[in-house]
Structure formats: structure tokens, C-alpha cells
Amino acid sequence: MSVTGNAQTATGASASKSEGSLASRGVVITYLGLLVLIPLAAVVWQSTQDGIGGFVRAVTNPQALAALRLTFLASLVVVAINVVAGTIIAWVLVRDSFRGKAIVNSIIDLPFALPTIVASLTLLALYGPKSPLGLNIAYTKASVGMALLFVTLPFVIRAVQPVLLELDRDMEEAAASLGASGFATFRRIILPTLTPAILSGAALGFARSVGEFGSVVLLTGNQPFKTQVASVYIFGQVESGETSSAAAVSVVLLVVSLALLFGLSLINRWGTHHDS
Amino acid sequence: MTARIAFRVFALGYLALLLVFPVCIIFARAFGEGLGAVWQAVIDPEALHALWMTLLIASIAVAANTVFGIICATVLVRHDFRGKSVLNAILDLPLAISPVVVGLSLLIIYGRTSPIGVWLAEMGVRIIFSTPGMILATIFISLPFVVREVVPVMREIGTEQEQAASTLGASAFQTFWMVTLPAIRPGVAYGIVLTMARAIGEFGAVSVVSGQISGITETMTIYVSSSFERFDLVGCYSAAVVLALIAIGTLLLTNLTGPKEEY
């Protein structure tokens, strides 16, 4: 066997390897294309079926506008609460120590594991007409916020926790020994490091809120102009056969999701840049 | 020190009011009618059929997304090509899109008004208002989990062992089956648990494409909603308790199979 022979075998092997990798890349692109991209493109196509005028009419329909406004406002409020509460909970889970902390840590993921319709039912049982706490917020705007707070709870906590865990405590001790108050140390030392993680958790939570359906359905009553969110409005349009109008409002949600994903990749790049 | 206690009280109080109390109360509501009533509600034929549909659809979605997830992770970790960041962004789409929009997209493609839907109807294949559509919707919304869990594990294990295996004459398939797969198994297992949980809990996308035909295209989550609407509260709470138990089981499983982190 000559050296050239070996070389040829090697080339043959690498050629078959690259064929294999082309094949697997083909599988990935086909799967995503058929399952995700073509259906989403169909939504965009459908939204323009009645012309651009039809699209604008569908999106500026008063009921659609009210639903979109409620969705975005509620999501903003919920994200703001999550940023504060999530950061505090993450801090408690990392820096504090008490009995049962491991259990508390593991129930944080419950909103991801619990079906959204069950979440809606549980919140209705506790904060609805037969509330054992005497707190009935069902079918009000507050109930929209409550449902969204439940489903988005883990995002900020799970984004902040690992960063807080790896945070070097020398800087904090230095700041404290130089006379900085607890709040000053937090604001000047800890917060800047946590910001990319908080923002990324907030963006994910916002994206989730904007599209949320299951958890709001039973709790909010879905009254047009009052408690109807965008995804419930789209659902209603689909049920009454108004596919193009449903698609138009969906496109608004799709654009927001895409913008958030893009922003998120920028935040992640900023975060990694921050590390190095 | 007082700040520490205040934060602890705030964190625990917030979690109790938002998470723990609500979940406890559905158990109280369901079992308030007595164990017998819950059992009767669970073995109701319509509820059992819904449970069967949920398990069938979730299993198919898990199988499809596991195979896809492993192939996709290999492509992301081991191959270098243009547009990798685009592929990464597409993978995040299912988590950022409203489930109702997912259902609508399938309805537009495969519904009776689309050319594909008409052609399929002539072939006698029905996707919308039927199980295949519900499976497609579930695959869509649970797509990224296996990929996302396998990618870091695969990156960690490197390629040395695989190269050693292929130098020793193992075929590509043997290398994958006997070297790569055992090494990435923890990531795959965790991904499967997450996919399963998401698939079982899906409601929005599935209800759009299912047409919610009671007793036929009903999953457990749709059954919760439909029994609530017809004021069958025992049936509704019982089904919700079954789903909540599955969710709690999932949490326990993720604690066992998930990446170990000490907080």
C-alpha cells in the first residue's frame, strides 16, 4: 500500500463525511422549513389576502386595537414587576440560606411544567368568585396581569441566578469596607453585572406574555374592550372564519416576537462581551 | 440583617401567593367532593379518551423532536457553515410565538381553503380538526427543548473519542450509537422530559387545529376547558389534578435528570 493510496482513502472518508453532514443539514432545514417557516410565511401571506388596505383595516379595528393595547400594556407592567420581584427572589435563592431552600428553588419551574389551562383554573379557584381569601379579581384587568405574572415567573429568576452565583464577592466586600451602604454596593457593583441577565429574562418574559393564551382564558372572562388579550381575539376571529383578520393581528405579534429575539441576541452578545 | 429577612419574607410570600396556594387549592377543590367522585370523573370515557389523545400526541411529538434535536445539535456543534446564527434564531421562534398563531398557521396551510388542504382532502387525508394537525401543532411548540439541552453537552464532550472510534474502524453509525449517544444521554433525557411536559400541557395551538370536537379531538387540556364551560366542575378539577400531578412529577424528574447546580 503506497502513501498515495492512504491519502486517497483519507480523502474518500472526508468526502463521505461531508456528504453525511450535508444530509443532516438538509434534514434540519427541511424539518424547520416544513414545520415552522412555511406555516409562518403562510400567516404573513394570508394577512395580505384582502390587500394592504384589508391588513390595515383588520389591525386598526377598534376591538383588535383594544386587545393589542391591553396585551402590550399588561406585558410591560408584568415584566416590570418580574424584574424587581425576580431579582429579589434570585438574590434570596443564591445569597440567603434557610431550611427548605432546595424545595423553593425547584418549585420556581412549576409555571413551565404546569399546563397553562390548569394555571388559569388554579388562579380562578384562589382569586375568583369563590375565593377563600375573599379576593375576587376574576374578569378584571388585574386578572390578566395575575395570569401573566404566573406564567412568566421563572424567566428573570432563572436568568439572574447563575450570574449571581458566579459573581465575585471581593468587589462587594471592598466596596463595603470602603464605607458603601448596602444599597450603594448593590447599585454600583452588583446591578451592572446583572443587567444583561435581567434584560434577557425580561425580553423572554415579555415575548411569552404577548402571546399567552391558555392561562388567561378561564380567569379573565375575555370581554372585548375590557379583558380580551390579542391571542384570545385571534382565536375568536379564527372561530368565526375571519382567517385574514386573524392573520393580520398575528403578524403584529410575530413582528414583536422577531424584534425581541433579535434584541435578545444583541443582549447575549453584550453579556458575553461584558464577561471577557 | 433586617433587609435579608425582609427579602426572604417578600420572596417566600410572593411565591406562596402566586404559586403554592393556587396549586394547593385545586387539590382541595377536587378532593373536596371525595375520592370516589374524583375517581369516577377520571375514569369517565370522555376523560380517558382525552388522556389517551394527550399521551399519543405527546409521545409522537417527543419521538420526532428527539430525533430532530440530536441531528440539529450535531449540525450546530460539529459543522461550520454560513447562516448558523439564523438557524439558532429559527430554533427560538416556537418559544416566542403565541400558540394561537401556531395553530392558525397550520390551519392556513392544511385547512379546507388552501390548495394543499384541498389536495389532501381528495386523497382522503384530513389534517385539520383531526389528530395529524394536533400532532403537527404539538411538534411545533415543543421543538427547541432537546436541541437546547443536547448542544451544551455535545460541545462539552468534544470529538476525541469519536475520532478514536472511527480511527479504529467504527462506521459513522457505530460511532454515533456506541460513543456519541451514551455521552450525550443526560442532555437527551432532560430534553425529553421538558418536551414531554410542554407537549402534554399544550392548549392554545392544539385547540385551534382540533376544532374541539368533544370526545374525539379532545386532549386533557381541552377537556379541562370544555368541562369547565359545561359546569362539570368535578370533571374539570379532576382532570386538572391529573395534569398537575404530571407537572409535579416532571419537576421531580427534571431535578433528577437536569444539570446539577448548587444554589
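Student: Into which domains is chain A divided?
Tutor: This is a predicted model. Within chain A, one segment covers residues 1-47 and another covers residues 51-275. These are, respectively, domain 1 and domain 2.

Student: What distance separates the centres of domain 1 of chain A and domain 2 of chain A?
Tutor: The centres of these two domains of chain A are taken over C-alpha atoms. On that basis, the separation is 37 Å.

Student: How many residues of domain 2 of chain A are in contact with domain 1 of chain A, and how does the domain 1 side divide by residue class?
Tutor: From domain 1 of chain A, five residues take part in the contact, and from domain 2 of chain A, eight. The touching side of domain 1 of chain A comprises three nonpolar, two polar and no charged residues.

Student: Where does Phe129(B) lie, and is this residue buried, partly exposed or exposed?
Tutor: Phe129(B) belongs to the loop between α6 (115-122) and α7 (131-141) of chain B. Its phi is positive, near 60 degrees, although the residue is other than glycine. Because 18 other C-beta atoms lie within 10 Å, Phe129(B) is classed as partly exposed.

Student: Which class of exposure applies to Phe231(B), which has a positive phi of about 60 degrees?
Tutor: Phe231(B), not a glycine, sits in the loop between α12 (220-229) and α13 (233-257) of chain B.

Key. Residues are numbered from 1 along each chain as its sequence is written. Chains are lettered from A and ligands numbered from 1 in the order in which they are written. This is a predicted model: local features need pLDDT of at least 70, side-chain atom pairs count only at pLDDT 80 or more; totals for chains, interfaces and linings use all residues. Domain bounds come from an automatic or database domain assignment. Two residues are in contact if their C-beta atoms, placed from the backbone, lie within 7 Å. Ala, Val, Leu, Ile, Met, Phe, Trp, Tyr, Cys and Pro count as nonpolar, Asp, Glu, Lys and Arg as charged, and the others, Gly among them, as polar. Helices (H or I, at least four residues) and strands (E, at least two) are DSSP runs, numbered from the N terminus. A residue is buried if 20 or more other C-beta atoms lie within 10 Å of its own, exposed if 12 or fewer, and partly exposed in between; C-beta atoms are placed from the backbone.
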